[in-house]
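Welcome! Have the picture ready and follow along topic by topic.

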Amino acid sequence: MVQAKTKRNAPRKKTFFVSTWNVRSLLEASGDDRIRRRRADDRAVDRKLDLLIEEFERYRVSIAAVQETKWFGADVWSAGEATFLHSGRPLPVAGQDFARGEGVGILLNKEMMSAWRRG
């Protein structure tokens, strides 16, 4: 339970839900033409992120810790009213092993994202 102050400085209780999900993978098969969204630099967004966000909204989760995304690099994705911050292995250079063994992320709803930005 979080105490928030209204305009009249009267405390107001606000409930938010936190979860942790082991998604096993957010990878899609390469070359899938059903990808719905692209980033500004024209890189495709996997549809599994959309499915994750649908469940996130269905259960009214405010913050979700996500394990085993198996994505490379680190980035911030916006989808609807949710934001997904993720971090994984650095993208391998030519000749390196292309194993996708880990990756984590934090999924925030609109309200939690604005709280995060406020600092």
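Two helices and seven strands make up the chain. In sequence order, these elements give the pattern β-β-β-α-β-β-β-β-α. Please keep in mind that this is a predicted model.

**The chain as a whole**
- The chain has 119 residues, and 29% of them count as buried.
- If you take the contacts between residues at least 6 apart in sequence, 54% of them join residues at least 24 apart.

**The sheet**
- Five strands come together in an open sheet, and their order is S3-S4-S7-S6-S5. The pairing in this sheet is mixed.
- At the edges you will find S3 and strand S5 (74-79), each of which pairs on one side only.
- From one strand to the next, the twist averages 15 degrees.
- Helix H2 (residues 110-118) packs on the sheet, where it touches strand S4 (63-67), S6 and S7. The direction of H2 makes about 105 degrees with that of S7.

**A closer look at one strand pair**
- Strand S6 (residues 82-87) pairs with strand S7 (residues 104-108) in the antiparallel sense, over five bridges.
- To see the two strands face each other, look for Ser87, which stands opposite Val104 in S7.

- Ser19 sits in strand S3, which covers residues 18-22. S3 is one of the edge strands of the sheet.
- Is Ser19 buried or exposed? Its relative accessible area is 16%, which is under the 20% cut-off, so Ser19 counts as buried.
- Beyond its neighbours within four places in sequence, Ser19 is in contact with Val61, Ile63, Ala64 and Ala65.

**Two arginines with positive phi**
- Arg24 is not a glycine, yet it has a positive phi of about 70 degrees. You can find Arg24 in the loop between S3 and helix H1 (47-58).
- Arg24 has a relative accessibility of 60%, over the 50% cut-off, and therefore counts as exposed.
- Arg60 also has a positive phi, of about 55 degrees, although it is not a glycine. The place to look for Arg60 is the loop between H1 and S4.
- With a relative accessibility of 58%, Arg60 is over the 50% cut-off too, so it counts as exposed.

Terms used. Residues numbered from 1 in each chain as written. Predicted model: local features only at pLDDT ≥ 70, side-chain atom pairs only at ≥ 80, totals over all residues. Heavy atoms only, no water. Helix = DSSP H or I, 4+ residues; strand = E, 2+ residues; numbered from the N terminus. Buried < 20%, exposed > 50% of the residue type's maximum accessible area, 1.4 Å probe, protein only. Contact = heavy atoms within 4.5 Å. Pairing = 2+ DSSP bridges. Axes fitted to C-alpha atoms, helices over the stretch in contact; angles between N-to-C directions.
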